[in-house]
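Hello,

Here is the structure I said I would pass on. Please look it over before you read the notes below.

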Amino acid sequence: MAQLLAVLIDGLIYSSWLFIIAVGLTLIYGVMKILNIAHGSLYALGAYSAASLAGYWIRQGYPPMGSYAVMVVAAILVGLVAGPVIERGLLRFMYGKDEIVLVLVTYAVFLILEDFVKLVWGVDPYFIAQPYGLLGNFTVGDLTYPNYNLVLFGAAVFIGVVLAWVLTKTRQGKMLLAVIHDREMSAAMGINVGRVYFITFTVGAMLGALGGALTAPMISVQPGIGAETIVLAFAVVVIGGLGSLPGAALAALLVGIVRSAAVHYRPELDLFSIYLVMAVVLIMRPKGLFSAQEARKI
Amino acid sequence: MAIVLEARGLNKSFGAVTAANDINVALEQDAIVGLIGSNGAGKTTFINMVTGYLKPSSGTITFGGRDITPFNPRQITRLGICRSFQIPQLFNTLSVYDNLLVGIGIVVSGGKNWAEASHYVGTPGAAVDGMLERFRLTDYRDKLAGELPEGIRKLLDIAMAMAVKPKILLLDEPTSGVSADEKLTLMDMVMEAVRAQKVTVIFVEHDMEIVTRYTQRVLAFYEGRVIADGAPTVVLNDPEVRRYVTGEIPHVTAGDKHAAH
Amino acid sequence: MKRDPTLPILIAGSIILLALGPFLPRWAMFLINVSLCYGIVVLGMLLLMRTGVVSFGHGLYYCLGAYAAGTLDQVFKISDMAVMLVAAVIVTALASAALGLLLRKYRDIFFAMLSLAFSMILYGLLVKTSALGSSDGFNVAASKIAGITVAGTAVDRYVRYALTVVFAFIAGVFMHKYLNSHMGRLAEAIRDNELRVEYMGASVRNVIHVNYVISAVLAGIGGALAAIAVGHIDPEMAYWTTSGEFVFVGILAGTGSVLAPLLGAFIFETIRSFAYEYSPNTWQMALGITMLVVIMFLPGGLWSLFTRKRKAA
Amino acid sequence: MNTQVSKLLKCGVTLLAAALTAAPAICNAQDKPIRIGLVTFLSGPAAGPFGVPAKIAAEAIVDALNAGKVPAPYATRGFGGTPLELVVVDEAGGATKQVTELRNLVERQNVDFVIGFISSGDCVAVAPVAEELKKITILFDCGTPRVFEDASYKYVFRTRPHATMDAVAGAMYLLENRPAVKSLGGINQNYAWGQDSWADFTAVMETLKPELTITTSQMPKFGAGQYGPEISALLQSNSDVIHSSLWGGDLEAFMLQATPRNLFTRSQLILVAGEPYLHRLPGSIPDGTIIGARGPSGVYAQKSVLNDWLRTIYKERAENYPNYPAYSVAQAFLGLKTAYEKAKAQGALGTDEIIKAFEYESFDSPSGKVMMKLGKGHQAVTGTAYGTTRTVNGQITVGNIKYYPVERVQPPEGVKSVDWIKAGMKPGKW
């Protein structure tokens, strides 16, 4: 019983993290049909900037509580810089190319950024441990969890709700959905697709960076974290159905619980549990859990 | 004459829209039938159901006495029911020659499922050149299909349907997107080819002149129903048809614009 | 139409390589050897790309082929290259025939990701198998070829090199013939317009399945040859980044000709090798930039350089 | 037709490119200094804790050697008066790539010796190639016993002891300090190193304390970063001891996440490769953690002239003191120097002579005496040490250090580690 409870809590926390790292990816794909491997680098950039800035903040002796704000600001900055640079500077020349080619373009960006991060921050791991412990712990049965996990969970829910609200309730969001539904059509309707892309990618980049920033306090920020994360994010997005927000949420939940269950009951399966889930889901539902079925006019 | 294709009580609805409403059609061997009706009247839906792209919500389609309702487009094609498309479906990165060669290659390699696989004399290549002749496409032989003018695309689209040895040929607006002065030449070519191979033809057409000129029988569609069925003269004078279909004839142009891009 | 020079080039190229081999510096010989192993795999990718699908999991067969060869030596103490290659072909053919039953239904990113999932599952299984050295893998002693021992002899390297050249040649000729056959045309037709292919009476899924198996077997052969040439195999061969590289090279090279993958693989390996040497800290950046440049200015891949010139001439 | 010819030419030219690029490398052959290829991680997770410290140390040592500023017995400039030159290559990219890179180092870069390889997978893979290339290659930091227990090599040496002793000494130290241990859990990365460490350690523990119960073995994938579920599982296993061979970022992430959850107030933690972590003060390493350095290196290196020397020259180039990979690379250079100069003294500097001199040699290193006693004189052995962390006025240090002599922690020549452990680890004759 205690174990089952642990499975659920651990699963939920891990799911929150998965959702945060995956949501930007699925948003970008939904709108731009780009499976953005560079999302991994944005995650890394976010983590590194958060670690450096918040680290500086704390070394300066400013109120440690402020470090959370600093982390978020760091992520937003990364998004505001990297997003436009990549989208305006590169991707916009690639629109209309084959999806796979676009994947490779972002793969190239990923490779470049990997070394860029190394040139800027070196190979030594960075730390910003304080924010992780700062909020104290909560206890369930005989298990203690840092409250920071609640922050993760809260952030995941917040991001999900806000995005859902923007997409369904606001004018801009409706535009976005229009573009998602039919690019040519919405262009004909006078929606500035280019601008929608620009904004979407920047927001997506911010979310990627935010994922990194929120993760920074619980890991050691080091080369290669992007590569590890992007594959997970991929799996989640594909399982959920590319471009589907609720899909990503459900997939994150599914993968999170499955992994946590594997760890608790069959540790040896942990290594590829996520890929098993992915294979099974895709075999059952070829386009993922939630997927827009586009009919072809002939 | 013998009935080759028969549709009984076909219904099809997309949500609220009824695209086919109790359609009953029996088709004789070698008949040439025109389908008329405004856009969205259910003509293309009918073709899509016959060729297996859409499954009717209810009703059956039989071909040579055999129920083909559950079959997919491939199986139906292999039985000899072939079609062309309102928006030409070509292999854009292949040459005109290869577009046809693909079809003939399929027939030749098709083996026993293909009653008339033996039909072609000489090499597949020779057969292709024969077809290029017949459809006057020889000048475009080595052009990429993606770079052809719209009229030629239409023609190639139809030729590709002919390439796979149809017994029944369904043409979806063969002349839409073809300039007015080319329409007749195109239809003449098609009909010539059709007669040579003894093919039953159904074609959707907005141009009543063409309908009267080439068909012995016309089906008029309105809101998914067949509101008139008979000789062109009879159908075109039918009051309902006059009101709902031919009355003021905006469709021709509509059809044109629609297919133009 | 002017005659297609592909076959003459393949023949001439192979003869040159075989003749040049003994005089090449050994590192160059090895570089070419490994590149050709890669090239053979990428030939398979080319077939898939021509068919309009891309696999991000072909490392699965690269790895399976290598392990089929390796386990023969490791477990059954059979170290004859010929037997190893046969084993690789059989294993990859069976595996791909089975997985193809599923994958044939998928397209685009889903085909890519499902194949990725499969390859990562194999990766996981191998890392779990300590009997096969887990993540360290193990060394492959392919000491004989058709019964004759070559290991340790003066011609050892050259034999492995020549074996690869010969297989690259065979694979190249086969693929060239295949692409120019009805099946090859059908593949391109599918890439252009699946719907029409079905409406002409051919089964898209069957064609994709067949081509998937062919490309998998090529990947298996490439893997086995790599195991023979490198002498070591490990689960990395099934990791998604390996599969990514195959796609990378495929796009880099272009699908214009069967010569493209072979040449592309060589260029890729050379760039990588020298990037490692001259910018050990920024070689990934070098690769990334190369790739962007190619995608931006040579949409047809490096191969379009040659075809362009031909048009101009 | 002529299009064919032109294409043919293009093809040939491109293929010849490789041969042409060989030219500069060949010229290098006549250069005076001894070229040493150094293969170490410059990118990826292993760069920070292992690769780069090793590189820093190597560069510092080479400069010191060339300046003739190394304490006795290594005072001669370079190797026997000839200066040294480093060619550094990134070890990242997997074993297959390393095989290629080794060939390039030897045949294109014309290095005279190769010192390298931190990953066991790479070591296993490159050894036969070094043999084929007939180039003396020193494996400086990888640990797997497989290298010399499953094969024997002429040109391959390893100047650091293999990993068996990490488990053996660790278990002994644990039982000496916590004799009452009843249950053991573990968290190790899911790849060869983690799996082997866990297998060895459990094997040793079961031999030394058969009634011990194994509670859980967590095997997170390499670089997982998120250990929430694993930590819960470990907490619920209520193990007396938790064994871990995690290293680098994974170890640090695990510590960051496990400490606030009081895992280490519940269980005794033993980190067989934890030493580099002490140099990096991430802020949370509980007192009483048992820490290994895979040899008497880093914090366990005993005071000596050579040790002070290494610490000084390293500190000049980095903000902290050398960790064990730095000591490993030092062993490689000094061992090779000894062999080289011994051969030179005997008047012949051929590869075979150097090998002869290298086999069964023993030499002083910053981490004490190193003896090439296993693998027909190609595998080094040293004693090892374990200690326990404690905080002394804000500084994390290791106390209660215990040194273990070779014979207690290493199987003698000809005995496989596994069998030796199963047989009760009888000290052999040395």
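**Notes on the model**

H11(A) passes H12(A) in a right-handed crossing (the near helix is turned clockwise from the far one by less than a right angle). This is a predicted model, in which local features need pLDDT of at least 70 and side-chain atom pairs count only at pLDDT 80 or more, while totals for chains, interfaces and linings use all residues. Residues are numbered from 1 along each chain as its sequence is written, and chains are lettered from A and ligands numbered from 1 in the order in which they are written.

Helices (H or I, at least four residues) and strands (E, at least two) are DSSP runs, numbered from the N terminus. The axes of H11 (residues 245-265) and H12 (residues 270-284) of chain A come within 9 Å and cross at roughly 145 degrees; axes are lines fitted to C-alpha atoms, for helices over the stretch in contact, and angles run from 0 to 180 degrees between N-to-C directions.

In chain B, four strands form an open sheet in the order S2-S1-S4-S5, with antiparallel pairing (two strands pair if DSSP finds at least two bridges between them). S2 (17-28) and S5 (66-67) of chain B are at the edges with a single partner strand each, so one side of each has no neighbour in the sheet. Five bridges join S1 (residues 3-14) and S4 (residues 58-63) of chain B, and Ala7(B) stands opposite Ile61(B) in S4(B).

The contact between chains A and C takes 31 residues from chain A and 34 residues from chain C (contact: C-beta atoms, placed from the backbone, within 7 Å). H4(A) gives the largest share of chain A's side, 13 residues.

Regards

Technical notes:
Two residues are in contact if their C-beta atoms, placed from the backbone, lie within 7 Å.
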